[in-house]
2 protein chains.
Amino acid sequence: MSNPTACIIVIGNEILSGRTQDKNIAYIASGLAAIGVNLREVRVIPDVENTIVATVNELRAKFSYVFTTGGIGPTHDDITSASVAKAFGVPIHRHPEAEASLRAHYSESDINEARLKMADVPQGATLIANPVSAAPGFIMGNVHVMAGVPRIMQAMFDSIKHTLNGGKPVVSVHVSTNLPEGTIAEGLTEIQSRYSDVDIGSYPLYRSGGFFTTLVMRGTEPARNEAAAAEVRALIKRLGGEEIDEPGHGQ
Amino acid sequence: MSNPTACIIVIGNEILSGRTQDKNIAYIASGLAAIGVNLREVRVIPDVENTIVATVNELRAKFSYVFTTGGIGPTHDDITSASVAKAFGVPIHRHPEAEASLRAHYSESDINEARLKMADVPQGATLIANPVSAAPGFIMGNVHVMAGVPRIMQAMFDSIKHTLNGGKPVVSVHVSTNLPEGTIAEGLTEIQSRYSDVDIGSYPLYRSGGFFTTLVMRGTEPARNEAAAAEVRALIKRLGGEEIDEPGHGQ
């Protein structure tokens, strides 16, 4: 597939400390697949300027699109905007339109320097609107800087999705079975060898003391996914297994 | 802090496709903090040999410990063990002890070549026991290769935790408030400037149309965390806010 590529940089000590479980990766990943952009890597890094600068510069050269989440709020640990400016070698400036949005959103007694800091973006950046709480994200080159709060991140991502140059949407079908992976592995390898354009993934689920398996056929050609799925169903039957409803995710 | 460092490599197309939400990072992260190992980075990468080899080699040189999750099952897309062997430049071999465990776990009619593949580990690796389903993980140098299924990964991680050379446990206290981040940001910056040994994080939560904030004080000295927390509580009071029970995580 020659679809454009992407990576996500999750900026946040709270993920690395184990305090918070990320909720943003799956949302962005699904959205990118739907428009034919291949998510190739995710990095979770701490709120450390040098690390952010180096990571942004490494990955913006490597992938068509970079998406960052986190670190654009009003507090001392929100250093993403300044770090991205540094990565691009440009000064940070107070964006007039962003400042106006913030002043419109907050009452006069509530607006303060910490909140206005959220209008500071790298010179040359274009804003990403924040319909929830006014403080914008921004786009700088191929880097899309978004909030960490899932509800805001989702609104931001949805508002920029149409600006991305996608490729062929990546779609998938799945087949779940009561057979464990080890039983179907050999037959599955054989099917995969004849469907090099379909990415067949095998995912074990452990439930109530036993293993179930979900097979996922992914690719840009729905008909090929379906053809591979039909062969997987036949394999399951041949092995004496049953197709079942997919057990709940998350294990 | 001069604690040893660590990174996690999550190997799995299913995370990058958005199909599955990772549940392993937070578990490993919390476990490492408790024994004084600083988790500095997480990478999520696809089931692609070159990518796994390059990532393992880059990160095992950079951090004291590397933990991988995923890709050690019996199917064609389980290529972690072979890739780690390649990263270390050693052949893969069928580990006699691992083979014996698998043969003991499965009935004679169920054992097959796909399942025995799970006994293949890099030459020189030591095994990590799998009390759930016999197929082991392994340790090669500073790289700890574990399963992706959370329940198995957790059992594996718990069984090796005592072998890691930790430092001072990193502990934290938190204070939640009905004040939004922007209101406390300035006072918080001032407190942080006097507590350079405490990492003060500010995390907004968006609930029922309003923002709440949780402040987290983290460090290796419980008394310093508590002292900073007391100042944060005084700040909240001074600003007319209230300390509240922490709103549910996850936003």
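Helices are DSSP runs of H or I with at least four residues, numbered from the N terminus. In this predicted model, helix H9 of chain A spans residues 222-238 and includes Val232(A).

The surroundings of Val232(A) were examined in the fold. A residue counts as buried if 20 or more other C-beta atoms lie within 10 Å of its own. Leaving aside residues up to four places away in sequence, Val232(A) touches Val175(A), Ile191(A) and Leu215(A). Met217(A) lies 15 residues from Val232(A) in sequence. In space, the C-alpha atoms of Met217(A) and Val232(A) are 9.5 Å apart.

Chain A as a whole was considered next. The chain contains nine helices and 12 strands. Its C-alpha atoms fill a box of roughly 70 × 40 × 30 Å along the principal axes. Chain A has 251 residues, of which 48% count as buried. Among contacts in chain A with a separation of 6 or more, 69% join residues 24 or more positions apart.

The relation between the two copies was then computed. Chain A superposes on chain B by a rotation of 180°, with 0.0 Å of shift along the axis and an RMSD of 0.0 Å. This is the relation of a two-fold axis. Within chain A, Arg43(A) has the C-alpha nearest the axis, at 2.3 Å. Both copies use the same surface: 100% of the contact residues of chain A recur in chain B.

Note on methods:
Residues are numbered from 1 along each chain as its sequence is written. Chains are lettered from A and ligands numbered from 1 in the order in which they are written. This is a predicted model: local features need pLDDT of at least 70, side-chain atom pairs count only at pLDDT 80 or more; totals for chains, interfaces and linings use all residues. Helices (H or I, at least four residues) and strands (E, at least two) are DSSP runs, numbered from the N terminus. Two residues are in contact if their C-beta atoms, placed from the backbone, lie within 7 Å. A residue is buried if 20 or more other C-beta atoms lie within 10 Å of its own, exposed if 12 or fewer, and partly exposed in between; C-beta atoms are placed from the backbone. Copies are superposed by least squares on the C-alpha atoms of residues with pLDDT of at least 70 in both.
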